[in-house]
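Here is a friendly walk through one protein model, with the sequence and the 3D view to hand. Take a look at the picture first, and then we can go through it piece by piece.

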Amino acid sequence: MSEASALPTRPALTDLLHAAVTAVGGTERPGQVAMAEAVAEAVGEGTHLLIQAGTGTGKSLGYLVPALAQGERVVVATATLALQRQLVERDLPRTVEALHPLLRRRPEYAMLKGRSNYLCLHRLHEGVPAEEEDGLFDPVEAAARAAGPAGASSKLGKDLLRVRDWSDETETGDRDDLRPGVSDRAWGQVSVSSRECLGAAMCAYGAECFAEAARERAKLADVIVTNHALLAIDAIEGAPVLPGHEVLIVDEAHELVSRVTGVASGELTPAGVSRAVRRSAKLVDEKAADRLLTASEGFERVMELALPGRLEEVPEDLGHALAALRDAARNCLTALGNTRDRSVQDEDAVRKQAVASLENVHAVADRIAQGSEYDVIWYERHDRFGASLRVAPLNVSGLLREKLFHDRSVVLTSATLRLGGDFNGVAASLGLAPEGRQEQAGEEQAGETVGDEESPRWQGLDVGSPFDYRKQGILYVARHLSPPGREGSRSDMLDELSGLVEAAGGRTLGLFSSMRGAQAAAEELRGRLDVPVLLQGEETLGELIRRFAEDARTCLFGTLSLWQGVDVPGASCQLVVMDRIPFPRPDDPLMSARQKAVEQGGGNGFMAVAATHAALLMAQGAGRLVRATGDRGVVAVLDPRLAKARYGGFLRSSMPDFWYTTDPTQVRRSLAAIDVADS
């Protein structure tokens, strides 16, 4: 068979796409066809593709259809649970069914998550090991578990009893299939991390293990749907958790760098170290246990004096405390290999937990003590949980370049990849050279030298959006307001917000840069206007979004998760307000370190880090307004810097191409007209 006949021709691909779109009840769009053709070409040639597909393009089918047509194993990694469920419960079943007669085969698909997302039958039936002294099971709760539903005396007890009942009927053991869900506290009692797992061979419930069953299904599947975090673990830790595959599709790719950074980060807290002490105390000799306890107490004394902020160098007292902690943890790990205490009930589970805690303490303490120039180290202090010591990579671009783009074709897609008019900002964060200069990348990238390593070849493509943004939306910048400061209330901003919400008749999604700002605005508008104002944190996010969508007069105010997580088409969301440009906090240790590193390399740190971060969020936030062809409304930015500052053009060009104005009278008339038309 020739190479040309092995690949689907354009008509064949078009026929496949038409069948799939019809099956899901959608409408074919030019951007979706262009995306499918580009994905087919990239997969067929083994190259890489960054593709921006606006809301409404139908990008899921735009990559699923050509990927399935190629007949190679595909991993699809997403950032959100909502998209994973959409793919596995709606798009893939219908697409596979529609393509089966044309492909003459029925591709198999499966979802794979991290082990802690699945119910652990060993934990459920044997309980939390005795060494877990977190106070989550008191005698009343234990009695409740033994006595049945009548004995449940608290929400935790009721949750655990409900999980036990669910365990008899679930086929997946996937936490997300338990509806309604249970608290993190309850789920933590019936799940384990990969490090804590006994392993199928050693576990009495290994043959029934839900996590192992999910992995086996994934091994047999043609399409594996997973999340960014598991993709990062698979790439970074060198212990494969995903089956081998020829094609990787990263959806919601604007989130990838953040998720990889999270996986590559570490944290030490006095509470976490104390947990390691408790877990190992009965399993090692007294000398090793005392040494770890002493090191733990020394670390806690240092942490009591910790002030929030970045540590350019590891202080001497912290260095000594970390070295003692590292050595004591290593000593206990060695002792665990030589000692077995048969008096400890369910010793294997206890041992696994102890090893997991000690390995984390050892690894993070050693990493921070080393003080690598490629790491950022800082203290954080939380009002409730106290101080923590954190470490994160200064940059993950080199890691991604090395681990992500070799031995497979990679397609990265999102509605927001083209920032400031091109793909180069996102490409740099992924370790890719700028478009047109991909043969040799010999430049500094955020403090990390690429050197002479050949940069992976890639192409960027923007397939646009089916929406007519200039006719459907207005971008209003309140140029007349005072610029936001770091402290104090912005009374003129609240006046402007109140007037806009009143003109819109409610229907407002308020996106704030801080929870304090969202709370102040909600309190102010509840006193001024006769419209319901919902506030993030006062109810579960899902319930708030449901109530916001059901009542067009309602407003919903909140912070980061609302900037990217709300999909409410129709009359309920006709005004999206951003209180200020969402730059990173000036005291954010990781962002400020990355910005400084770019500047030291001769680049513009503010534009490469802070402005790019803000552009991504503003593009996502503005995308909440138009979710369907009939949607109309206003995105209002109550920060005059978007109109006045030099970087304003970069930020505006990253957002949908709405009609632009700074006239407050005009925008209020427009909002009132939309409100009247939809009433």
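Let us start with a local pair: Arg546 and Glu550 join their side chains in a salt bridge, with N and O 2.8 Å apart. A salt bridge here is a side-chain nitrogen of Lys or Arg within 4 Å of a carboxyl oxygen of Asp or Glu. Both residues belong to helix H22 (residues 541-550), where they sit four residues apart, about one turn of the helix. Arg546 is partly exposed, with a relative accessible area of 37%, whereas Glu550 counts as exposed at 59%. For these words, buried means under 20% relative accessible area, exposed means over 50%, and partly exposed lies in between (1.4 Å probe, protein chains only).

A word on the source: this is a predicted model, in which local features need pLDDT of at least 70 and side-chain atom pairs count only at pLDDT 80 or more, while totals for chains, interfaces and linings use all residues. Residues are numbered from 1 along each chain as its sequence is written, and side-chain values use heavy atoms, with hydrogens and water left out.

## The overall picture

The protein has 28 helices and 20 strands. Helices (H or I, at least four residues) and strands (E, at least two) are DSSP runs, numbered from the N terminus. Of its 679 residues, 51% count as buried. Among contacts between residues at least 6 apart in sequence, 76% join residues at least 24 apart; a contact means heavy atoms within 4.5 Å.

## Salt bridges across the chain

In total, the structure holds 33 salt bridges. One of them pairs the side chains of Arg279 and Glu196, at 3.6 Å from N to O. Arg279 lies in helix H13 (residues 270-281) and Glu196 in the loop between helix H9 (184-187) and helix H10 (210-220), so this pair ties together parts that are 83 residues apart in sequence. Both Arg279 and Glu196 are buried.

Arg470 also forms a salt bridge, with Asp657, and their closest N and O atoms are 3.3 Å apart. This pair links distant parts of the chain, 187 residues apart: Arg470 is in helix H19 (residues 469-472), and Asp657 is in the loop between helix H27 (648-653) and strand E20 (659-661). Arg470 is partly exposed at 44% relative accessibility, and Asp657 is partly exposed at 47%. Elsewhere, Arg85, Glu89, Asp177 and Arg179 are linked in a network of salt bridges.

## The seven-stranded sheet

Seven strands form an open sheet with parallel pairing, in the order E3-E4-E2-E5-E10-E1-E13. Strand E3 (109-111) and strand E13 (458-462) stand at the edges with a single partner strand each, so one side of each is left without a neighbour in the sheet. Neighbouring strands of this sheet are turned by 15° against each other on average, direction ignored. Two strands pair if DSSP finds at least two bridges between them.

Which residues cover the two faces of E4? Val223, Val225 and Asn227 lie on one side and Ile224 and Thr226 on the other, and all are buried. On the E2 side, five bridges join E2 to E4, and Ala77 has Thr226 as its bridge partner in E4. On the E3 side, three bridges join E3 to E4, with Tyr109 partnered by Val223 in E4. Strand E2 (residues 74-78) is also joined to strand E5 (residues 247-250), by four bridges, and Val74 has Val247 as its partner there.

## The four-stranded sheet

A second open sheet has four strands in the order E6-E9-E8-E7, with antiparallel pairing. Its edges are strand E6 (266-268) and strand E7 (309-310), each with a single partner strand, so one side of each is left without a neighbour in the sheet. Strand E8 (residues 375-382) and strand E9 (residues 386-393) pair over eight bridges; Tyr379 has Leu389 as its bridge partner in E9.

## Two helices side by side

The axes of H13 and helix H14 (residues 286-304) come within 10 Å and cross at roughly 170°. That makes H13 roughly antiparallel to H14, a label for angles over 145 degrees. Axes are lines fitted to C-alpha atoms, for helices over the stretch in contact, and angles run from 0 to 180 degrees between N-to-C directions. Residues of H13 that meet H14 include Val273, Ala276 and Val277, and among those of H14 are Leu292, Leu293 and Phe299.

Terms used. Angles under 35 degrees count as roughly parallel, over 145 as roughly antiparallel, 65 to 115 as roughly perpendicular and the rest as oblique.
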